[in-house]
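Hello,

Here is the structure I said I would pass on. Please open it first, then read the notes below with it in view.

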Amino acid sequence: MRLPPCVDCRSTSNPRMATCLTIDIGLIGYAEAYALQKRIVAARKADAIEDVLLLCQHPHVITQGRNGKREHLLASENVLRQKGVEFYETSRGGDITYHGPGQIVGYPILHLATIRRDVVWYVRMLEEVMIQASNDFRVLATREAGKTGVWVAAEKELTQSALRAQRAQSGAEKLGAIGVHISRWVTSHGFAYNVSTDLRFFDLIVLCGIAGRKATSLEKLLGRRVDSREVAARLTQHFGQIFALDMRPASQDELFERLREVELSQSGAVTVAQPILPMRERA
């Protein structure tokens, strides 16, 4: 699939591409991951660490973006508690979404000022990462005008004509979601790509605030099991190609040691980021 013209603004043939550390932190609580993002963002703003792509999965959690509406949460606190689902209000853009096991979540911490100062372009390129990874598995994902994320028609296979028709109708299901935050041109939050996600948990919300829409997963579309490690590798590969970054795998220990060094040099003591606020009691 040919990339949108705007991708060409960074040539992937440049032998002096900037480095991006890629770290798979495995299954991690949402608040813990958010606190880690804040530490990396602070280091990136100080230009004390390279760009970073965190990959992880979360235990069952529903998050609401800063533009979200509480009425898009369809379950009571009691129901969420019974199902073991946490809820957090977040600083990212977008409405409400679900994260859980079987979903690959990517948190890029990039300094966009060194790449391209264009928020819309950045979101479109995160979509392109997921679209190209889907293509690797012969799934024709696409964008929908006015809606962030990537979508796939309900059928397992799409012809090009069906793909064009999909853009004009409203039955497509969401395969990947995006919600980002940018401060001083440093990004946080990111994308979520459904591999083997239990899609029943999306029934607890109005998906991304769009009534009547459903989520799908790569395994549902393919009708077979998919190794999430292979999907993560594809996402990482396309991320590097699209943003013209040299993706260098790093361990969690290496990341934490780098952060400790940065924080000690800045203040003499490690600063622990505070988690976002949990859901409050409804009035």
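The largest cavity is lined by Thr97, Gln103, Lys174, Leu175, Gly176, Ala177, Ala192, Asn194, Phe202 and Leu207. Please keep in mind that this is a predicted model. The volume of the largest cavity is about 40 Å³, and the structure has two cavities of 30 Å³ or more. Strands S9 and S10 each give at least two residues to the lining of the largest cavity. The largest share comes from S9, with four residues. Sorted by class, the lining has five nonpolar residues, four polar and one charged.

Next is the largest pocket, which holds about 370 Å³ of space. Its lining has 25 residues, and those closest to the centre of the pocket are Gly93, Gly94, Asp95, Ile178 and Gly179. Two or more lining residues come from each of strands S5 (96–99), S6 (103–109), S8 (147–152), S9 (173–183) and S10 (186–194). S9 again gives the largest share of a lining, here five residues of the pocket. The pocket lining is made up of 12 nonpolar, nine polar and four charged residues.

Helix H1 covers residues 30–45. Is H1 largely enclosed by the rest of the structure or exposed? Of its 16 residues, 12 are buried, so H1 is largely enclosed by the rest of the structure. Among the buried residues are Tyr30, Tyr34, Leu36, Ile40 and Val41, and also Arg39 and Arg44. From first C-alpha to last, H1 reaches 22 Å, close to the 22 Å expected for 16 residues at 1.5 Å a residue. Just after H1, Asp47 has a positive phi of about 55°.

Helix H6 covers residues 228–243. What span should H6 have, and how far apart are its end C-alpha atoms? At 1.5 Å a residue, its 16 residues should span 22 Å, and the end C-alpha atoms are 22 Å apart, so the two agree. At the start of H6, a side-chain oxygen of Asp227 comes within 2.9 Å of the backbone nitrogen of Arg229. The buried residues of H6 are Val231, Ala232, Leu235, Thr236, His238, Phe239, Gly240, Ile242 and Phe243. Just after H6, Ala244 takes a positive phi of about 55°.

Regards

Definitions and conventions:
Residues numbered from 1 in each chain as written. Predicted model: local features only at pLDDT ≥ 70, side-chain atom pairs only at ≥ 80, totals over all residues. Heavy atoms only, no water. Expected span 1.5 Å × (residues − 1). Buried < 20%, exposed > 50% of the residue type's maximum accessible area, 1.4 Å probe, protein only. Polar contact = N/O pair within 3.5 Å; in protein donor to acceptor, adjacent residues only side chain to side chain. 1 Å grid on protein atoms, 1.4 Å probe; cavity = no way out; pocket = protein on both sides within 12 Å on 5 of 7 lines; lining within 4 Å. Points joined across faces, edges and corners; volume = space filled by probe spheres on them. Nonpolar A, V, L, I, M, F, W, Y, C, P; charged D, E, K, R; others polar.
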